[in-house]
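Q: Can we go through this model together? I'd like to start with a loop and then move on to the helices.

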Amino acid sequence: LFCYARRHVGAWIACLLGYVYLLYPPVHGANLYDFHYLPIGVFFLWLSLYALDSRRPILTVVAVLVTLSVREDVAAGLAIVGAYLLLTGQRPRAGLVVGAIGLGFFALMKLVVMPRVLGGESSFISLFRDLVPAGENSFGGVLKTAIGNPGYTLHTLIERDKLLYLLQIFTPLAFLPLRRPIGLLCCALGFLFTLLSTGYAPLIQTSFQYTA
């Protein structure tokens, strides 16, 4: 994060930004709760962004490959990195390629490989059980419900604990990410994996690794 920010706002502001990032309470919960893949993946997402922005092809390839290897939802984060570089015009072509790779890998793993090899339970579909249609055992079923039945999906989102989670995420940041559409883009994937959960409290608690 510091290396990336230094290229755009200077060393001192980048250093300050890095310290503020370390002070962000949800970062603490994700890193202090046990040992999990997700917090590790954050480092390689930042590294991928820096490598792409600084036009370092070898480092980019290494960072992207390691990010893909961490976990399928971490790989989906590359889609956000790519979309960010595309929409801000910093590196549109590279962003499009990396975003497509991340999204394609996520779709392949989550919608094809995991349901066939692991089954519904082992592919974490139980975390979204109230959104899984009868006869489905993949994350694709969750997306079908979310897109095809938005009223019901909205009903599952309007919960006290989920509102509290949103406040814990945004209040320390004074809601600044919501001021620009690009901020909402950067939040979208994380909210897809956390707020759509039903009946699994750790996904919407900042004391666990999922806020990563």
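**Loops and helix packing**

A: Asp34 counts as exposed, because its relative accessibility is 60% (buried is under 20% relative accessible area, exposed over 50%, partly exposed in between, with a 1.4 Å probe and protein chains only). This is a predicted model, in which local features need pLDDT of at least 70, side-chain atom pairs count only at pLDDT 80 or more, and totals for chains, interfaces and linings use all residues. Residues are numbered from 1 along each chain as its sequence is written, and side-chain values use heavy atoms, with hydrogens and water left out.

Q: Where is Asp34 found?

A: In the loop between α3 (25–32) and α4 (37–53). Helices here are DSSP runs (H or I, at least four residues), as are strands (E, at least two), numbered from the N terminus.

Q: What about the phi of Asp34?

A: Asp34 is not a glycine, yet its phi is positive, about 60°.

Q: And how far is Asp34 from Phe208, C-alpha to C-alpha?

A: The separation is 8.5 Å, although the two are 174 residues apart along the chain.

Q: Which loop holds Phe175?

A: The one between α11 and α12. Phe175 also has a positive phi of about 60° and is not a glycine. Its relative accessibility is 36%, so Phe175 counts as partly exposed.

Q: How do α11 and α12 pack?

A: Helix α11 (residues 160–170) and helix α12 (residues 181–194) pack at about 150°, and their axes are 13 Å apart. Axes are lines fitted to C-alpha atoms, for helices over the stretch in contact, and angles run from 0 to 180 degrees between N-to-C directions. The pair is therefore roughly antiparallel (angles under 35 degrees count as roughly parallel, over 145 as roughly antiparallel, 65 to 115 as roughly perpendicular and the rest as oblique).

Q: Is the crossing of α11 and α12 left-handed or right-handed?

A: Right-handed. That term applies if the near helix is turned clockwise from the far one by less than a right angle, and left-handed if anticlockwise.

Q: Which residues meet there, in α11 and α12?

A: Tyr165, Leu166 and Phe170 from α11 meet Cys187, Phe191 and Thr194 from α12. Contact means heavy atoms within 4.5 Å.

Q: Different pair now. How do the axes of α4 and α5 cross?

A: At roughly 155°, with the axes of α4 and helix α5 (residues 57–70) coming within 9 Å. That angle makes α4 roughly antiparallel to α5. The crossing of α4 and α5 is left-handed. Among the residues that meet are Tyr37, Phe44 and Leu52 in α4, and Leu59, Ala63 and Val70 in α5.

Q: What about α1 and α2, at what angle do they pack?

A: Helix α1 (residues 2–9) and helix α2 (residues 11–23) pack at about 145°, with axes 7 Å apart. The contact is made by Phe2, Ala5, Arg6 and Val9 of α1 and Ala11, Ile13, Ala14, Cys15 and Leu17 of α2. The crossing of α1 and α2 is right-handed.

Q: Over to α7. Where does α7 bend?

A: At Met109, by about 35°. The bend is the angle between axes fitted to the seven residues ending there and the seven starting there.

Q: Which residues of α7 are buried?

A: Ala94, Gly95, Val98, Gly99, Gly102, Phe106, Lys110, Met114 and Pro115. Met114 counts as buried because its relative accessibility is 6%. The C-alpha atoms of Met114 and Phe139 are 9.4 Å apart in space, and the two residues are 25 apart in sequence.
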